[in-house]
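Please examine the sequence and structure shown here. A short briefing on the overall form, surface and selected residues accompanies them.

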Amino acid sequence: MTKVFNYISESFEELKSNVTWPEWSEVQRYTIIVALFSIIFALATWGVDELFTKAISGFFNLLKS
């Protein structure tokens with residue numbers, strides 16, 4: 001149990017003293033960029049899914065007739 005406590009204690013000390021944290025404005029800017037790219041990627045994935053759905057439906061409709 002002592003090893004776990006020491007590990008957690010040393011981890012917090014490392015975060016406080018050795019990690020260079022970005023400025024708040026930089027964090028906000030990167031958050032907006034990530035959110036926009038996530039939305040764009042989700043829309044692109046939806047578009048490709050719709051395209052394949054229509055292509056596969058059309059293919060099977062051709063096979064039926």
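The points below are grouped by topic.

This is a predicted model, in which local features need pLDDT of at least 70 and side-chain atom pairs count only at pLDDT 80 or more, while totals for chains, interfaces and linings use all residues. Residues are numbered from 1 along each chain as its sequence is written, and side-chain values use heavy atoms, with hydrogens and water left out.

**Overall form**
- The protein chain has two helices and zero strands (DSSP runs of H or I with at least four residues, and of E with at least two, numbered from the N terminus).
- With a radius of gyration of 25 Å, well over the 11 Å that the globule rule gives for 65 residues, the protein chain is more spread out than a compact globule (C-alpha atoms; the rule is 2.2 Å times the number of residues to the power 0.38).
- Along the principal axes, the C-alpha atoms fill a box of roughly 70 × 35 × 10 Å.

**Surface**
- Buried residues account for 0% of the 65 residues (buried is under 20% relative accessible area, exposed over 50%, partly exposed in between, with a 1.4 Å probe and protein chains only).
- Carbon and sulfur atoms contribute 71% of the accessible surface of about 6400 Å² (Shrake-Rupley method, 1.4 Å probe; for residues, only the protein chains shown count as cover).

**Selected residues**
- Val4 belongs to helix α1 (residues 2–17) and is partly exposed, its relative accessible area being 47%.
- Gln28, in helix α2 (residues 24–64), is partly exposed at 39%.
- Gln28 and Leu43 are 15 residues apart along the chain, and their C-alpha atoms are separated by 23 Å.
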